[in-house]
Amino acid sequence: MSEKNVSQPMSRRSFLKSAAVAGTVTATTGLIGGLQSFGSPLVARAQDVSWAREADVVVLGSGTGQAAALRAVVNGMSALVVEKAQFGGGTTGISGGGIWIPNNFRMAEAGIPDSREDAIEYLSHATFGQSTPELIEAFVDNSNLMVEFLRSVNIDWDFLPMFNDYYPEFPGGKPEGRTLQPVSTIEGVSGGGALARMLQQESEARGVEYMFSTAAKRLILNEDGSVAGVVAEADGQEINIRALRGLVIATGGFDHNPDMVAAFLRGPLYYPSAARGNTGDGQIMGMAIGANLRNMNESWGWPVYYNEDGGFSQPALTLELGKPGILVVNRRGQRFFNEAGAYDPATRTFYTYDNGTHEYSNIPAFAISDSTHRSRYSFGGVPAGQETPAWIKKADSLAELAALLEVDAEALQATVDRFNEYAVQGLDPDFNRGVSAFDQLTGGDRSRTDIVNPCLGPVSEPPFYAATVWPGALGTCGGLQINAKAQVLDVWGQPIPNLYAAGNASGSVMGAGYPGGGGTVGAGMTFAFVAAEDINSRA
């Protein structure tokens, strides 16, 4: 988790000034021009360099991109993974490790109906107009091929019982079955940590080489404009690595690059949870040779708490916020979203702009629970029954809590009174909490027989607790534009020969949406697999 926010809290006015000035000037001089510190020229030429290492397929990044390296060696090619950090995994390694795969083999085994047509229909809605039929169909047609390949190399999958389709009521949506989790073969490790290590373990066993603490800096081009390799830096020295048949950029997002966050995202980003090495390296290298960009205004959002005692962030998800006896309010003491809903659409609601005060009225927000919730469920990541830390506020009345939060006490009381009136009836007429199958299956407490709706219960029993909630992100999801073969496209829409991208370094197939748990890792590995297949087909 991040130790501090990349984009400091700011008013809308300050943000607009930053985006208008930094976005036009910094994006051209700061983002691209900054590469000059790594050496000159910005793009190296193959005829001018000597090669220190080479492989048929070179993959930049050791998260989802490992699927490209693994597939390459199984296809008979040599592969080299170049990783900036001291160890592998990237953001995949600190993720939940789930993958969103429609019409998967586990669904077939369990008799859960799904189809190619339903998946495409669902994604056409769940990407909110910011994807393309080409990418959607490529993902749907290749995602299960990727899964079957990984199963063939000892990486198996099982159902994830929660965090399935985030919009199950959309046409083609399914309430259960589309999200899979890795079956760990690594003792004591699960989730994304296990997935990343299994990918590396199976890759190394088949001959993939890894270079850690090696940061990719500039692409190297042949005279015809095709990509020949990459200039990287290791131990303070530049080395040239040759990609004989193809280079895959899988370096992650730009969460930890303040200039890029200010230039591209729609609003401030707080306490991003992605790997700290995610500074937009791949996007910058691609821009430097004329690659087009896509989806740069988007991120995989999720609300976060910031633990002031420990100096780190942690997710504020429906697993806590969707349980009975808790709600979230803004600085005016008003609710503004469905607390039991999925995290990405929930995060979007934080960016409501008030043109009277010229600020984001929902940043920050406050999760408020009562003693009944606190005795049953975790809050702020603190399990029920454990002592509540100082960074979580506690008061004997809502009025006292409002004073601690600097929230209007009368407004907060009115909000809680209205919420409670309907909660005991199992209703939320304001935000439909507990209506969606996702809410009930992931956020609600279905073991409760004393309440009407598993997601709703009054906030009425003192003492009351509060924790500040910020709009964070698992990662940005904009980057180099790719086609159905994962080839990077230039600004004219033509493939840049020998260059591919996958994961958060590419413009995501998921567009402006997040279809379900594992939407980022599943898409990243699918297009990494696709890249290796296309490289192999050009033999």
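Residues are numbered from 1 along each chain as its sequence is written, and side-chain values use heavy atoms, with hydrogens and water left out. Because the model is predicted, local features need pLDDT of at least 70 and side-chain atom pairs count only at pLDDT 80 or more, whereas totals for chains, interfaces and linings use all residues.

Two helix pairs were examined. Helices (H or I, at least four residues) and strands (E, at least two) are DSSP runs, numbered from the N terminus. Axes are lines fitted to C-alpha atoms, for helices over the stretch in contact, and angles run from 0 to 180 degrees between N-to-C directions. Angles under 35 degrees count as roughly parallel, over 145 as roughly antiparallel, 65 to 115 as roughly perpendicular and the rest as oblique.

Helix α4 spans residues 116–126, and helix α5 spans residues 133–152. Their axes come within 10 Å and cross at roughly 140°. The two helices are therefore oblique to each other. Their crossing is right-handed. By definition, a crossing is left-handed if the near helix is turned anticlockwise from the far one by less than a right angle, and right-handed if clockwise. On the α4 side, the contact (heavy atoms within 4.5 Å) is made by R116, A119, I120, L123 and S124. On the α5 side, I136, E137, F139, V140 and D141 take part. The residues of this contact divide into six nonpolar, one polar and three charged. In this division, Ala, Val, Leu, Ile, Met, Phe, Trp, Tyr, Cys and Pro count as nonpolar, Asp, Glu, Lys and Arg as charged, and the others, Gly among them, as polar.

The second pair consists of helix α12 (residues 398–405) and helix α13 (residues 409–423). Here the axes come within 9 Å and cross at roughly 125°. That angle makes α12 oblique to α13. The crossing of α12 and α13 is right-handed. Helix α12 contributes L398, A399 and A402 to the contact, and α13 contributes A409, L412, Q413 and V416. Six of the contact residues of α12 and α13 are nonpolar, one is polar and none is charged.

Buried means under 20%, exposed over 50%, and partly exposed in between (1.4 Å probe, protein chains only). Eight of the nine residues of helix α2 (residues 66–74) are buried, so α2 is largely enclosed by the rest of the structure. The buried set comprises Q66, A67, A68, A69, L70, R71, A72 and V73. Just after α2, G76 takes a positive phi of about 95°.

L321 belongs to helix α9 (residues 318–321). L321 is buried, with a relative accessible area of 2%. Not counting residues up to four places away in sequence, L321 touches Y305, A316, I326, V328, E339, A340, A367 and R433. L321 and P268 lie 53 residues apart in sequence, with a C-alpha to C-alpha distance of 23 Å.

D309 sits in the loop between β12 (299–307) and β13 (312–315). D309 is exposed, at a relative accessible area of 52%. Beyond its neighbours within four places in sequence, D309 is in contact with P389, A390 and W391. D309 and A390 are 81 residues apart in sequence, yet 7.6 Å apart in space, C-alpha to C-alpha.

The whole structure was also searched for disulfides (pairs of cysteine sulfur atoms within 2.5 Å). The search finds zero. C455 is buried, with a relative accessible area of 0%. C477 also counts as buried, at 1% relative accessibility.

Backbone geometry was considered next. Most residues other than glycine have a negative phi, and most peptide bonds are trans. N154, a residue other than glycine, has a positive phi near 75°. N154 lies in the loop between α5 and β5 (157–159). At 49% relative accessibility, N154 counts as partly exposed. Y271 is not a glycine either, and has a positive phi of about 50°. Y271 is placed in the loop between α7 (258–264) and α8 (281–288). Y271 counts as buried, at 8% relative accessibility.

Cis peptide bonds were also found. One joins I363 and P364, with omega about -5°. P364 is in the loop between β16 (359–360) and β17 (365–369). Another joins P462 and P463, with omega about 0°. P463 is in the loop between α14 (437–443) and β19 (464–476).
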